[in-house]
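Dear colleague,

I am handing over the structure below, and after it I describe what was found. Please read the text with the structure open beside you.

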Amino acid sequence: MIVESCAGTDHSATINIDVDISKKISLMFSGGLDSSTLLYLMCLDIIQKGHEPKDVIKYLFTVPKADGAEIFPPKVLDFLQEKLGKELPPMTIARIPKLHGTYHGMMVWNTMLYILEKYDIDQIYLGDQRPIDGLDDDNKPTRSQDIEGPRPGIMIFPFNHLYKYHTIDVMFNKGLGQLMHLSHSCTEKIIGRCNLCYHCKERAEGFRVAGYVDESNK
């Protein structure tokens, strides 16, 4: 399935979502804008191929973190199930030993290795995108294009050529605007936004470039 994101005249991008329905698929599901939008697109692709999402997507993994990541996915999941009119697999809490604080960079890779060892899955999808330069370069997270490992074809990053504004554009174009109220971006506060961390700044810049107003304080 091909999805276009305009996100402003100078920021167009093409997204290819092609879920291999013969494999046992999983998704790292934080309840943020990116993983939520990716899950919806994956489900659309699976439905177009004549299958039920819950028969292909075996796990939606959520990792408890200091930013309250496990709090938000359930409401997002309820919204997406209603939007699709399809049942999705329940959220699976993946409690990673010795994982504390924020969850970026090589912690992502270590988490993938842990999950691949513990669960019977073939592929893990992630909604990671490219970081936006100039927002907070000292605290800019390591994203998918910088994570290396001996698992080609297992860790799947359909958004790794995109920026936040592309995801936001697709979110609205697919009628998922409610996600702005249900999702959470800040890595410093569990409720609301600090407006100081990289992820708060990235979200604000993404909405600005995409030309939408963020009506939520999450």
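Thr 62 has its place in strand 4, which covers residues 57-62, where strands are DSSP runs of E with at least two residues, helices are runs of H or I with at least four residues, and both are numbered from the N terminus. This is a predicted model, in which local features need pLDDT of at least 70 and side-chain atom pairs count only at pLDDT 80 or more, while totals for chains, interfaces and linings use all residues. Residues are numbered from 1 along each chain as its sequence is written, and side-chain values use heavy atoms, with hydrogens and water left out.

With a relative accessible area of 1%, Thr 62 is buried, a word that stands for under 20% relative accessible area, with exposed over 50% and partly exposed in between (1.4 Å probe, protein chains only). A polar atom of the Thr 62 side chain lies 2.6 Å from the backbone oxygen of Phe 29.

Met 180 lies in helix 6, residues 179-182, and it is buried as well, with a relative accessible area of 5%. Although Met 180 and Leu 33 are 147 residues apart in sequence, their C-alpha atoms are 7.1 Å apart in space. Leaving aside neighbours within four places in sequence, Met 180 is in contact (heavy atoms within 4.5 Å) with residues including Leu 33, Met 171, Phe 172, Arg 203 and Phe 207.

As for the whole protein chain, its secondary structure comes to 7 helices and 7 strands, and 53% of its 218 residues count as buried.

Best wishes

Conventions:
Polar contact = N/O pair within 3.5 Å; in protein donor to acceptor, adjacent residues only side chain to side chain.
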